[in-house]
Amino acid sequence: RSQLVRPLAFVLEQMGVRVCYDEKLHLITDQAQYEDAIATGLYSCKLILCVVSSDMFDVSQSDWPVRYLRTAVQRESDEKMSVIAPIYFGVSPDECKSKYGELGSYLHNKGVIGSFSSPALLQPRISHEIEPTILKELAHTVVPNVLKLLSLPSSSVVAGEIESTIRTKYSPHYPYQQFKELPIVSQLLCVCVVHMKQHCII
């Protein structure tokens, strides 16, 4: 989360994109309300960014990521539209297809808006500083691709400005800098929902 999802969500918000994900929902203590909020977000957003990692499919840690993904897939089936955009972290699209069955194949067929495939990126980091390779890929590839998918102007986006924004303004406590009483969630985030106007969630 701290190396990829949080800085991505942060910089998109800085650019005027409305972003929400599960870490922002932990003020909701009622389980049923929490699940309803997730489902509402997954069905009302314009774009779902799915961060694909090996942990995503490890239901021994949590089955929530796969449940999120199945809800998103069901929405695409119900509405006959494409809203899922995969970002690969520590696993390649081909590995996803070969290792993770039906859902892995489904994601593989969705294309790629960003890929962080080096195993070194998955190593625990003591520093909160974002790994340079991740920062560069976010600024040069992922953010511009997200803006294109949202039909927002991307030609004027300067990668150097994106890197500078993350370096100078991003806090590792985001989004908890606003909700300090919220617990830090340990499991990896798997589904990110991005939208411009409507209520949205990951």
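**Aromatic pairs**

Rings of Phe, Tyr and Trp (its six-membered ring) pair if their centres lie within 6.5 Å, with planes under 30 degrees apart counted as stacked, over 60 as edge-to-face and the rest as tilted. By this criterion, the structure holds three aromatic pairs. Trp64 and Tyr68 form a tilted pair, 5.7 Å centre to centre with 45° between the planes. The model is predicted: local features need pLDDT of at least 70 and side-chain atom pairs pLDDT 80 or more, while totals for chains, interfaces and linings use all residues. Residues are numbered from 1 along each chain as its sequence is written, and side-chain values use heavy atoms, leaving out hydrogens and water.

Trp64 and Tyr68 are four residues apart in helix α3, and are therefore separated by about one helical turn. Trp64 counts as buried at 18% relative accessibility, buried meaning under 20% relative accessible area, exposed over 50% and partly exposed in between (1.4 Å probe, protein chains only). Tyr68 is buried as well, with a relative accessible area of 4%. A second tilted pair is formed by Phe89 and Phe116, 6.0 Å centre to centre with 50° between the planes. This pair links distant parts of the chain, with Phe89 in strand β3 and Phe116 in strand β4, 27 residues apart. Phe89 has a relative accessible area of 11% and is buried; for buried Phe116 the value is 2%.

**A charge over Trp64**

The ring of Trp64 also has the charged end of Arg67 over it, 4.2 Å from the ring centre. The criterion is that NZ of Lys or CZ of Arg lies within 6 Å of the ring centre and within 35 degrees of the ring normal.

Helices (H or I, at least four residues) and strands (E, at least two) are DSSP runs, numbered from the N terminus. Six of the six residues of β2 (residues 47-52) are buried. Leu47, Leu49 and Val51 point one way from β2, and Ile48, Cys50 and Val52 the other way. Six of the six residues of β3 are likewise buried, so β3 is largely enclosed by the rest of the structure.

Strands β2 and β3 (residues 84-89) pair in the parallel sense over five bridges, pairing requiring at least two DSSP bridges. Within β3, Ala85 is the bridge partner of Leu49, and Tyr88 that of Val52. Tyr88 also stands opposite Ser115 in β4. Three bridges join β3 to β4 (residues 114-116), and these strands run parallel.
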